[in-house]
Amino acid sequence: MSARNSTRTTTPATRLGLTLVSAFALIALIGPFFVGDPTAFVAAPLQAPSAAHWLGTTGQGQDVLAQTVVGARTTLLVGALVGAVVVAIGALTGATAAFLGGAVDAALTWIINVSLVMPGLPLMVVIAAWLPPGPVTMAAVLALTGWPWHARVVRAQVLSIRSRDFVSACIVSGEPTWRIVVVEILPNLASLLGSAFIGATLYAIGAQVGLEFLGLGDLSGVSWGTNLYWATNDSALLVGAWWTFVPTGVCVAGVGFGLSLLGFALDARANPRLRVSGASGPGPQPTPVRRGDD
Amino acid sequence: MGPLIQLGRRLGLYALAAWVALTLNFLLPRLMPGDPAQALYARFQGRIEPAALDSLRVTLGLSDAPLATQYVLYLQQLAHGELGTSLVYFPEPVSAVIGTGLGWTVFLAGGALVVSFLLGSTIGALAAWRRGGWLDTVAPPLLSFLGAFPYFWMAMAAAWGLGFELGWFPVRHAYGPEVQAGATLEFVASALRHALLPGATMVVASLGGWVLTMRNAMLVVLGDDPIRYAQARGLPPGRIFLHYAIRNALLPSLTSFGMAIGFVVSGALLTEIVFAYPGQGYLLLQAVRGQDYPLLQGLFLTITLAVLGANAVVDALIIALDPRART
Amino acid sequence: MTERDPRGDPASALLAVDALSVDYGPVRAVDGVSFTVRRGQTLGLVGESGSGKSTAVLGALRLLPAPGVVTGGSVRLAGAELLDLDAAGLRNIWGAQVALVPQGALSSLNPVLRVLDHFAETFTAHGVKPEGGVRACAAALLSRVGLDPVHLDSYPHALSGGMRQRVTIALGLALNPPLLVLDEPTTALDVVVERDILRQLLAAQDASGFAMVFITHDVALLLELASAIAVMYAGRLVERAPSEVLAADGALHPYTRGLLAALPPSPGEARLPVSIPGHAASVADPPSGCRFHPRCASAIDRCRTEAPALRVAGPDHVVACHVVELGVSSPKPGAP
């Protein structure tokens, strides 16, 4: 990925984003093999960072470093999976609406719009409260509330691609619908779907951490959200045990910032007006005069 | 006619969304697999008073009446503002419990939302106007970095650092124990002081989004024909900034604002929990922890309806500001 | 390319553009273009899209958006050197000394302001308090271009394309500038509306005596409208002549002759329209020598290697071509 991008011009921000995201992916992938059992009672509760426990211990006497590293695996895995599912549902719904048009489009558009205006957290809370806690419930709830935005974006994009000349020509010449979708539409959607996946993963991580913080996750498991839940539950703030919530928060922000930077890079590629080319302004300026090169 | 139809369509959408929320609220406990309602009911039996148990029965839909009859009954009760009885705050009715928290949430989350939008849009507008300048270089990356932290984590860090360690701000509740709730200056001052830290963390966490939205909207508008035509007529930069750039960039920005209300309110609810701020979010936590299903459902309804209402207000504002939507 | 215009007489000119060059990044979009406009005169600037005609004029007025840069030459408007002015100095000139009727007139008005507000802000920006008030003055201006003053309280989106074009012309006349620059003002309009707007414009010119620079790709329009016509090809000026000379088959440059031959014949004229073969040269990768040589039937070896300089062909008539013989055997300077 980075090898291919280096031939184009990547900004330092994009490189930082790539570095952050790959670093955390690596931690999630192999990190857990290098730390102990995150749920084991290893030392006295709420010990400050020391040589034995680099990030201290939790209110239950567990190793914070182990919890943070193992939490990365759970949280990022659910985040990426839900991100992919959310984009798939959104793309399928949006493309169906745009392609079939008519009553199907009208009905799907209403469903998309209604789902869009419903505030996410209360809906997730009320559904999660009724389902047995666990990663499946978590993923289902996140997927259920996350898709409408992507459906809307994909629908708009497919409508615009459909109206382009080459696709109209294919439709008129009687090419089968599936062929048009696979050969003409999907390749044109690729960068949009990439950007959507980044956004959906970002959303899935944030919402998941929030729900778990409320106590709606699997409290026997270890994830970034449950780490923060236990930190407040064990009164970390009152006793000043900053090490119980700072490492996890910094990790959430690190992944989130990295994904945002990648998202900006994709946006700037799609919309050249967002690209900054040197300082300008304030506002519209007269055409500059630069003599001397002739 | 155009704008009325447009507003009507939006209001119709919100009405439909409200109906979906109401119905979801009704169906969820009744349709859950494995009859969790029965299990829950059994769990609470003997632990709470009979009157509370009756309330739970109704909320859980443990009735032999046909679903349609139950639905009509449910809607009738809702129409009278009856949401059942809270289990955690027994014997308070859910509507009364929610009522105590609604004002605080509107004050804190609403205030933070408006401040954040105005401040963020101003920064975004200035950054785009002096594109590549120091503000444009520093603000977007810094604020997106801050925005990457979960709202409630930002609140935890602020409460720990500025509250407990430095003691600059009160970190719990909506006003101090030394003042009586009422229309007194002391009460207002105490409420403002208590709202400052939670409000500020919400603003810091959400500012980056508004900055980027406004900046991007401005960059698009600044490249448009009206700006160049204004320049060609010799209009001063201040006039172009206010009446050409800002006014035209604000409309797409406001549309994003409407769409983000639900998201920001969600973050605000979690912030309340950290500060034990007695609003909807704090009640939500109590309801989840105490498995207070009547309260949980009531909160879901109220928050959803409030967000839909706020969306309708924003839509009306857009129509008022955009002549294309008005005439 | 800095050859001086041998016949330029900047002293008596309202606008004197001399050896102007404009770059877009590495591309020289306008290369050493010179022309003058006298008071009350109409200069037509014609060329295919991409020939740099709009770029040359907007660059000269310092109104070209980034990444355009003026890289050489001189632009004197009523004696003031526009290339030496700062933003504040230019703001005093824009609108008051030279008014632009923009190319994208349909999208140029501010959608959140009423038509009246556009007039009011233009007056305010230049510290002008019109006699009888802004509304009366704006109403009179709209009437002059054939638009009912009831539209003063309309927002732009409520007006048709032709109405918006009339508003931009009225706005251009608002401060009674000595020079009006019209950048393809009628391209997006249907013929009937175009004719009517041009009629009103000429009537206004008769009444106020302002000069015009009219940018278009429509030579036929310029033959009727302009007193002089400048022809651009791939960023360079190839010929400049009084329009009656061009109308009387006096064009010398093969490209100009090609443009005129491509016009539909007037009734009773016994010829068929002939288009120029090939595609317009790109300024991003211009041909060597004379940029027209790949499409030119009369090209000789010299045309491929050496760029032709502008030479005087007659009164107010210059041409940049190696092939045309000037003087005794020139094709037909004085033909009827």
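# A tour of chains A, B and C

Select A:Leu55, which lies in the loop between α2 (12-30) and α3 (64-100) of chain A. This is a predicted model: local features need pLDDT of at least 70, side-chain atom pairs count only at pLDDT 80 or more, and totals for chains, interfaces and linings use all residues. Residues are numbered from 1 along each chain as its sequence is written, while chains are lettered from A and ligands numbered from 1 in the order in which they are written. Helices (H or I, at least four residues) and strands (E, at least two) are DSSP runs, numbered from the N terminus.

## Chain A: two residues

Stay on A:Leu55. A:Leu55 counts as buried because it has 20 C-beta neighbours inside 10 Å. A residue is buried if 20 or more other C-beta atoms lie within 10 Å of its own, exposed if 12 or fewer, and partly exposed in between; C-beta atoms are placed from the backbone. Now show what A:Leu55 touches: A:Pro49, A:Val64, A:Leu65, A:Thr68, A:Trp243 and A:Pro247, leaving out residues up to four places away in sequence. Contact here means that the C-beta atoms of two residues, placed from the backbone, lie within 7 Å.

Next, select A:Cys170 in helix α7 (residues 165-172) of chain A. A:Cys170 counts as partly exposed, with 18 C-beta neighbours inside 10 Å. A:Cys170 touches A:Glu175, A:Ile180 and A:Glu184, again not counting residues up to four places away in sequence. Draw a distance to A:Glu184: 9.0 Å from C-alpha to C-alpha, for a separation of 14 residues in sequence.

## Where A meets B

Colour chains A and B. Here 45 residues of chain A are in contact with 59 residues of chain B. On the chain A side, the elements giving two or more residues are α4 (102-117), α5 (120-130), α8 (177-213) and α11 (246-270). Pick out α5(A): it gives the most to this side, with nine residues. By class, the chain A side has 31 nonpolar, 13 polar and one charged residues. Ala, Val, Leu, Ile, Met, Phe, Trp, Tyr, Cys and Pro count as nonpolar, Asp, Glu, Lys and Arg as charged, and the others, Gly among them, as polar.

## Chain B and its contact with C

Buried residues make up 48% of the 327 residues in chain B. Take the contacts in chain B between residues at least 6 apart in sequence: 74% join residues at least 24 apart.

Bring chain C back. 18 residues of chain B are in contact with 25 residues of chain C. On the chain B side, two or more residues come from each of α9 (225-232), α10 (237-274) and α13 (323-326). The largest share, six residues, comes from α9(B). This side divides into seven nonpolar, five polar and six charged residues.

## Chain C: two domains

Colour domain 1 (10-97 + 177-325) and domain 2 (110-175) of chain C. Domain bounds come from an automatic or database domain assignment. The domain centres, taken over C-alpha atoms, are separated by 29 Å. 13 residues of domain 1 are in contact with 14 residues of domain 2. Helix α7 (residues 191-208) of chain C gives the largest share of the domain 1 side, six residues.

Now select helices α4 (residues 115-125) and α5 (residues 134-144) of chain C: their axes come within 10 Å and cross at roughly 110 degrees. Axes are lines fitted to C-alpha atoms, for helices over the stretch in contact, and angles run from 0 to 180 degrees between N-to-C directions. C:Leu116, C:Phe119, C:Ala120 and C:Phe123 in α4(C) meet C:Val134, C:Arg135 and C:Ala138 in α5(C). These contact residues divide into six nonpolar, no polar and one charged.

## Last stops: backbone details in C

Most residues other than glycine have a negative phi, and most peptide bonds are trans. Go to C:Ala66 and C:Pro67, joined by a cis peptide bond with omega about 5 degrees. C:Pro67 is found in the loop between α1 (53-60) and β4 (68-77) of chain C.

Move to C:Asn176, where phi is near 55 degrees, a positive value. C:Asn176 is in the loop between α6 (161-173) and β7 (179-183) of chain C. Is C:Asn176 buried or exposed? C:Asn176 counts as exposed, with 12 C-beta neighbours inside 10 Å.

Finish at C:Ala234, with phi near 50 degrees, also positive. C:Ala234 lies in the loop between β9 (228-233) and β10 (236-242) of chain C. C:Ala234 is buried, with 24 other C-beta atoms within 10 Å.
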